[in-house]
Amino acid sequence: MKVLVAEGRDHAPPGPSRSRSAGRRREALRPAADKVVAVAAVIAAWQLASWAGVIDTRSIASPAQIVGELVSFPGDPAFWSALGATLQGWAIGLVLSVAIALPVGLALGSSEIAYRSCRFTIDFLRTIPPVALVPLALLIYGATLEMKVVLVVLGACWPVLLQTMSGVHQVDPVSRETARSYRLDRARTIVWVVVPGASPFIATGVRIAATMALILTIGSELIGGAPGLGQQIGLAEVATDVSRMYALIVVCAALGVLVNAVLARAEGRVMSWHVSQTMRTRAHSA
Amino acid sequence: MAESATTPAVAARRPAEPPDTAGERHSALLSVQRLTKSYPVPEGRRTVVEDLDLDVRPGEIVTIVGPSGAGKTTLLRCIAGLLPASSGQVVIGGRPVTGPPEQLAVVFQDYSRSLMPWLSVRHNVELPLRGKNVPRDERRRRVTDALADVGLGHTAEQHPWQLSGGMQQRVAIARALAYRPQAMLMDEPFASVDAQTRADLEDLVLDLRQRLDITILLVTHDIDEAVYLGDTVVVLGGRPTRVRERLTVPLGRDRDQATTKALPEFVRLRTHILTGIREGAS
Amino acid sequence: MAESATTPAVAARRPAEPPDTAGERHSALLSVQRLTKSYPVPEGRRTVVEDLDLDVRPGEIVTIVGPSGAGKTTLLRCIAGLLPASSGQVVIGGRPVTGPPEQLAVVFQDYSRSLMPWLSVRHNVELPLRGKNVPRDERRRRVTDALADVGLGHTAEQHPWQLSGGMQQRVAIARALAYRPQAMLMDEPFASVDAQTRADLEDLVLDLRQRLDITILLVTHDIDEAVYLGDTVVVLGGRPTRVRERLTVPLGRDRDQATTKALPEFVRLRTHILTGIREGAS
Amino acid sequence: MARLADDAHPSPLRMIGRLGVEAWLPVALFVAWWVASDSSQSLYFPSLQTIVEAFGRTWLPAGITEHVLPSLGNLAAGFAIASALGVGLGLVLGLVRRLGAALSPILEFMRAVPAVALLPLGLLLLGIGSSMKIALIAYAAFWPILLTTVDGVRGIDATVQDVARSYRVPLRLRLTSVVLPGAAPQIMTGMRTSLSIGITVIVFSEMAGSTEGIGYAILQAQRGFRIAEMWAGMLALGIIGYLLNIAFRGLEHRVLRWNRAMHHTMLAARS
Amino acid sequence: ACGSGPASSGGPAGPVVVGTTPSLGNAGLYYAQSQGYFPQRGLQVEITPAQSGSVAIPLLLNGQMQFAATDPLSAMVAISQNIPISMIAPGNVGPADPDIDPGAILVRDGGPVRTPADLAGRTVGVNVLNGLSHVAAMQAIDALGGDSSASQYVEVPLPQMVEAAARGQVDAVVTNEPFVTTGLEAGLTRLATPFSKVLPDVPQIVYIATNSYIADNPDQVSAFRDSIQQANAYLAENPEESRIVGRTSTETPPEVLDQIRVPVFNAEPLTVADMQAIMDLMLRYRVIDQPLDVGTVVAGQGT
Ligand SMILES: Nc1ncnc2c1ncn2[C@@H]1O[C@H](COP(=O)(O)OP(=O)(O)OP(=O)(O)O)[C@@H](O)[C@H]1O
Ligand SMILES: Nc1ncnc2c1ncn2[C@@H]1O[C@H](COP(=O)(O)OP(=O)(O)OP(=O)(O)O)[C@@H](O)[C@H]1O
Ligand SMILES: [Mg+2]
Ligand SMILES: [Mg+2]
């Protein structure tokens with residue numbers, strides 16, 4: 001019930017005195033302010049825990065230490081090349097994952113027979129941990145970009161595949177019938193009806209995959225020793241340079257935030273028609 | 001509301017009088033005051049409804065007619081507290097509406113989407129009652145009655161997507177009936193049912209008001225229906241939409257499909273509205 | 001079809017004659033033959049339509065009326081090749097229907113869901129034309145024309161969910177119009193539009209048939225509409241549903257909202273159907 | 001768009017047909033692998049025969065009690081925690097948009113934290129033992145469920161949301177009767193993804209502080225260059241994955257019965 | 001295979017790649033590199049990090065790497081599983097003097113474990129199960145009157161060992177510098193020094209290469225071996241030099257480097273006898289089931 005009340009109050013009719021443009025500006029800034037407050041609170045709590053000794057700074061660095069280390073990164077060419085290598089592996093891996101999983105997901109979502117045929121294989125393969133495949137990937141590809149990409153794809157394609165498959169199943173049957181009754185051919189039906197209809201699911205899958213891909217890139221660099229931020233983390237770990245290690249980890253996680261912000265923005269554009277987007281304008285349309 | 005009763009010939013083309021008559025205000029259960037609503041569009045905002053005033057007394061049936069896209073649904077959604085007004089306000093029972101008010105049931109125009117596909121017909125109708133903490137037995141009874149009232153006693157265990165369009169629409173009506181609200185907002189509630197069922201449902205609405213004194217605001221495109229059901233018919237029109245006309249229907253409360261519709265008063269009103277609409281359109 | 005033209009008084013309560021008249025068969029563009037359709041329900045299967053026969057000649061407008069839940073939509077879906085018949089068949093242009101036939105456009109009852117929310121109004125209307133490989137310019141032109149025809153020229157760039165219910169319904173009609181089908185199946189196409197727009201759209205349908213000789217099968221709950229538009233009115237009823245009556249409308253092809261509806265033939269037919277329905281219901 | 005009819009009592013012939021559809025590809029792949037690897041001299045890619053022998057040796061039947069059961073126990077606990085927290089928090093963030101927006105940077109940050117950082121934290125907070133492993137599994141499995149829940153909740157049909165609001169359906173009932181079922185298709189898909197992620201994380205979680213478990217066995221085999229045993233371990237993981245997915249399908253089938261029936265009848269109500 | 005490195009059978013074109021973990025046990029390698037010992041013998045060496053033996057061996061096999069530093073025990077395990085590699089040169093060795101042993105079994109000071117015998121029924125954290133330090137620690141426990149089979153061993157990553165022991169999550173840890181120093185600071189105490197106890201003068205790190213590379217490139221292999229041994233010999237004489245090497249070769253903070261016990265080197269080449277000692281341990285603690293022909297594990301010494 002609180003939720004209802006909150007919604008109501010949030011969007012209560014504005015008083016006549018309230019300047020509308022100022023109100024809208026405030027409204028636009030509010031989410032950003034919320035975020036800053038939330039992030040600041042977490043950092044403060046972490047720093048306090050470090051000071052109080054709840055977190056041993058020898059095994060987990062404090063925010064202050066991390067910031068101290070972070071400021072040295074911009075001037076460090078090794079950092080930039082590692083960052084570049086990681087981003088490259090991540091981007092290629094993610095694009096490939098989507099490029100493979102999306103069509104396959106569409107096909108398996110559209111055909112029950114195909115799905116049943118592949119069910120065992122898919123459920124089997126997606127439980128094979130990429131971590132365990134590192135030695136094999138190393139043997140075949142060496143500590144290279146290819147190795148990273150392969151491991152990333154092996155892990156990150158599954159969410160996209162599954163979400164796409166379910167998404168296809170969830171396309172409004174009336175949309176499908178409409179397409180069918182107008183004898184839209186298969187390709188056009190997929191492009192104009194199935195993919196957009198499944199897109200809420202697909203978008204979720206891509207967002208899951210994007211972060212997984214990042215983690216897998218870093219993980220394969222760390223374990224397999226390919227150049228990148230993960231390798232740097234490994235080196236810092238072996239050297240017990242906790243500040244540097246955590247600074248690097250923060251960079252990785254910040255990349256994750258960035259990646260998701262970009263995706264959320266893209267999603268907002270591509271899916272501007274979807275309830276998740278239009279409910280916002282509905283609610284704010286006062 | 002007597003003072004606003006004008007003969008159609010006089011009232012035509014005249015905007016509704018300013019709703020500042022103190023006496024009327026006080027007796028209104030529901031009052032829409034200078035309501036303006038605009039939607040965001042790429043080019044800025046489009047004002048759909050502007051400075052609209054409307055009063056509904058307790059137990060009154062107000063029917064709303066107006067061209068497609070005039071803003072009838074928008075108006076209803078504002079009254080239901082689902083959509084915030086851009087300016088102006090809606091007052092129900094003396095309090096301004098900021099969220100969905102209590103004791104109000106809405107029958108949505110988009111009936112097929114307003115039923116939850118995961119619930120059986122029975123549970124769809126029952127859901128609001130569970131929220132109201134109506135005891136179990138009472139709930140069962142009310143659901144059964146409401147479904148029987150709309151002629152769907154036999155479909156209780158089916159799911160909405162197993163029903164025809166008209167049946168779905170009737171389930172949505174049954175849900176509102178079972179809720180036993182003080183006021184009901186109905187957005188083209190009989191659009192998809194056949195003539196006979198429609199007549200039956202119209203009479204059900206009249207009966208409901210008679211027995212339970214429910215206040216009803218009903219949007220329809222059927223002018224006959226608007227006149228047959230309404231104590232007042234509100235004609236919307238213009239761009240942005242305002243109240244074009246507000247007609248009191250002098251047919252009393254006892255109405256009957258065959259006889260009422262043959263009354264000269266009925267025919268006159270109906271023709272008047274139709275002519276008005278046609279002129280407005282051309 | 002002359003031999004099936006009976007005066008209403010005689011035809012009432014009599015099932016449609018067996019559709020084995022060779023001459024009629026051959027001239028039929030669309031023929032439904034002993035169609036039975038049942039749906040799976042928990043208890044087994046429920047037969048909705050049984051042994052239904054129906055013939056539609058090229059250029060004919062056949063209107064279908066019948067109680068809510070009778071199986072009108074089911075029938076249309078079978079004809080459109082969207083639903084396989086349980087037994088019997090549908091023949092269009094001499095070939096039995098196994099999937100959606102070419103040159104057929106459907107206006108769905110569930111109009112709001114049949115529009116793709118991700119496409120703008122223009123693209124919704126354009127989509128089937130893309131499938132038909134209509135060239136780009138031609139496509140644009142047809143879309144613009146069709147939208148103008150239904151009075152929505154200004155909404156082309158909006159999305160369906162930004163439109164009112166009636167506007168959405170008209171977009172669905174425009175989509176069918178732009179497709180330029182030989183035959184059109186329309187399931188309560190004007191249920192959500194106002195009286196004036198409805199009249200305009202009815203005349204659009206008549207005009208369409210006049211100009212392009214489109215064959216139309218139209219489901220409606222408005223008896224006036226059924227008579228006004230139809231060359232033949234098919235009344236469905238019974239459980240399971242059969243053709244209860246099949247009435248030829250002797251009003252010629254030139255019709256006009258004001259004058260036609262005042263003709264004694266019109267009034268007689270309309271009253272006859274209404275009475276029939278009322279008796280069927282009671 | 002062919003779909004097999006989904007009737008409750010399939011005929012025996014149908015059953016065989018269904019099994020055939022399900023089995024031909026795995027069998028074909030198995031045979032292809034067997035043939036292709038038959039004379040393999042590669043150290044890392046032993047012949048399938050060797051792998052199958054190693055599988056019998058290590059996993060049947062001793063491995064099951066020694067390694068599989070403890071891992072499955074951790075998985076069950078971790079997955080249950082992830083589901084409860086993911087759905088719970090997802091509902092909150094999906095419904096209270098402002099909170100969702102405010103917390104999104106933190107959540108995205110946590111989601112992207114590489115596991116190296118978590119292992120120390122896990123050891124720090126939970127020590128060595130199954131609670132740490134459960135926590136790791138739960139952590140990894142949590143995110144897809146959270147994301148799909150949030151997106152599922154936000155994607156519920158606008159009119160349905162309006163109905164719930166206008167009838168003032170109280171929060172609890174709204175959650176159980178409107179929001180959860182409405183978001184269920186998305187949530188279930190997320191849980192499916194999470195289930196497999198949970199299984200892969202078993203291996204990772206058993207890298208530290210373990211004396212048993214299927215991941216432990218795989219890692220030890222890998223460390224000891226017992227490559228056939230490592231492959232056998234992965235085979236075991238894959239089979240477990242498949243079996244668990246079957247079990248999960250049962251759950252999904254129940255939860256989404258209406259959904260399947262709806263799509264099924266509307267798309268292919270057969271004669 | 002993408003083969004950005006030279007093929008294993010190729011000639012002396014380009015640098016050879018040596019994979020190593022950046023620890024002080026490899027100080028010889030880094031010292032040799034810094035002093036230019038390799039170029040003096042016509043070898044261009046590129047040092048690249050590799051997390052562990054199981055990562056390095058695939059890279060050796062596919063030719064991306066020519067030499068790798070690894071724990072001799074895991075090298076022997078690999079050989080026992082028919083991985084075609086051999087050992088070439090030693091890294092640091094176990095000290096004979098317990099007072100300079102960089103490795104240690106650490107327990108909480110004032111905790112329940114006072115003698116190796118107290119470890120019975122308790123949990124011991126090791127870096128790698130069935131690794132050299134694990135086996136050495138078991139041997140040390142048995143030699144010091146305890147019963148190694150009565151304890152439970154779990155893997156704990158090196159950086160987390162001190163914390164785990166200090167918090168009582170494990171009762172003892174088998175660790176190495178620089179963690180011994182940080183551990184002692186954090187309130188842990190040495191229970192035993194396993195390497196000096198059981199494996200004095202036995203290498204704790206060996207450099208390996210694939211058999212085919214060794215067969216095809218004898219010159220490179222001997223150049224590598226000789227350079228390492230030259231550096232080892234120098235470090236044996238000048239142990240403090242390791243700290244200086246560590247400043248550039250590892251990222252361990254200098255203040256820590258100044259405190260730790262440096263690894264011990266000697267000038268000896270790899271011997272079959274050393275490997276025999278390790279294999280005895282492996283057999284005893286069932287790391288391998290079948291004895292291995294130690295004559296074949298050291299390149300140039302067997303068949
Ligand atoms: N979310 C929205 N965004 C932008 N415009 C909207 C939105 N919803 C409605 N509109 C516009 O507001 C106008 C009024 O819509 P509304 O649904 O209130 O009409 P209506 O009177 O109910 O029509 P109908 O009789 O066809 O249902 C329409 O022109 C429509 O295009
Ligand atoms: N998928 C389904 N499963 C089971 N029963 C169904 C299904 N679809 C329709 N029915 C049943 O078939 C009957 C006919 O439905 P149909 O939609 O054809 O009716 P209709 O004549 O179009 O009614 P309306 O005028 O209300 O739209 C109804 O009783 C309905 O409950
Ligand atoms: Mg409306
Ligand atoms: Mg219908």
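Helix H7 (165-179) of chain B, along with strand E2 (44-56) and helix H3 (72-79) of chain C, each put at least two residues into the shell around ligand 2. Helices here are DSSP runs of H or I with at least four residues, strands are runs of E with at least two, and both are numbered from the N terminus. This is a predicted model, where local features need pLDDT of at least 70, side-chain atom pairs count only at pLDDT 80 or more, and totals for chains, interfaces and linings use all residues. Residues are numbered from 1 along each chain as its sequence is written, chains are lettered from A and ligands numbered from 1 in the order in which they are written, and side-chain values use heavy atoms, with hydrogens and water left out. The model scores ipTM 0.86 and pTM 0.88.

**Ligand 2**

- Ligand 2 has 21 residues around it, and the closest are B:Ser164, B:Gly166, C:Lys72, C:Thr73 and C:Thr74; a residue is near a molecule if one of its heavy atoms lies within 4 Å of it.
- Chains B, C and D all give residues to the surroundings of ligand 2, so this site is shared between chains.
- A nitrogen atom of ligand 2 has a polar side-chain atom of C:Arg46 3.2 Å away.
- A polar contact means a pair of N or O atoms within 3.5 Å; within protein, one must be able to donate a hydrogen and the other to accept it, and residues adjacent in sequence count only if both atoms are side-chain atoms.
- On its own ligand 2 exposes 630 Å², and the protein buries 94% of that; the areas come from the Shrake-Rupley method with a 1.4 Å probe, and for residues only the protein chains shown count as cover.
- Sorted by class, the shell around ligand 2 holds 6 nonpolar, 12 polar and 3 charged residues.
- In that sorting, Ala, Val, Leu, Ile, Met, Phe, Trp, Tyr, Cys and Pro are nonpolar, Asp, Glu, Lys and Arg are charged, and the others, Gly among them, are polar.

**Ligand 1**

- Around ligand 1 there are 20 residues, of which B:Lys72, B:Thr73, B:Thr74, C:Gln162 and C:Ser164 come nearest.
- This site is shared between chains too, because residues from chains B and C surround ligand 1.
- Backbone atoms reach oxygen atoms of ligand 1 from both chains: a polar one of B:Gly71 at 2.7 Å, and an N or O atom of C:Gln162 at 2.7 Å.
- The side chain of B:His221 has an N or O atom 3.0 Å from an oxygen atom of ligand 1.
- Taken alone, ligand 1 exposes 640 Å², of which the protein buries 92%.
- Two or more residues of the shell around ligand 1 come from each of strand E2 (44-56) and helix H3 (72-79) of chain B and helix H7 (165-179) of chain C.
- The shell around ligand 1 splits into 6 nonpolar, 11 polar and 3 charged residues.

**Chains and domains**

- Among the 8 pairs of chains that touch, chains A and D have the most contacts, a contact being heavy atoms within 4.5 Å.
- Chain E does not touch chain B, with nearest C-alpha atoms 49 Å apart, and does not touch chain C, with nearest C-alpha atoms 44 Å apart.
- Chain A is divided into domain 1 (15-52) and domain 2 (63-285), with bounds from an automatic or database domain assignment.
- The C-alpha centres of these two domains of chain A lie 29 Å apart.

- Most residues other than glycine have a negative phi, and most peptide bonds are trans.
- The bond from B:Arg239 to B:Pro240 is cis, with omega near -10°, and B:Pro240 sits in the loop between strand E9 (232-237) and strand E10 (242-248) of chain B.
- In chain C, a cis peptide bond joins C:Arg239 and C:Pro240, with omega about -10°.
- B:Asn133 has a positive phi, near 60°, and its place is the loop between helix H5 (121-131) and helix H6 (136-149) of chain B.

**Confidence**

- Chain E has a mean pLDDT of 81, with 94% of its residues at 70 or more; pLDDT is the predictor's confidence in each residue, from 0 to 100.
- Residues 1-12 of chain E have pLDDT below 50.
- Chain B averages a pLDDT of 83, and 90% of the residues score at least 70, but pLDDT stays under 50 over residues 1-25 of chain B.
- Where pLDDT is low, the predicted coordinates should not be read in detail.
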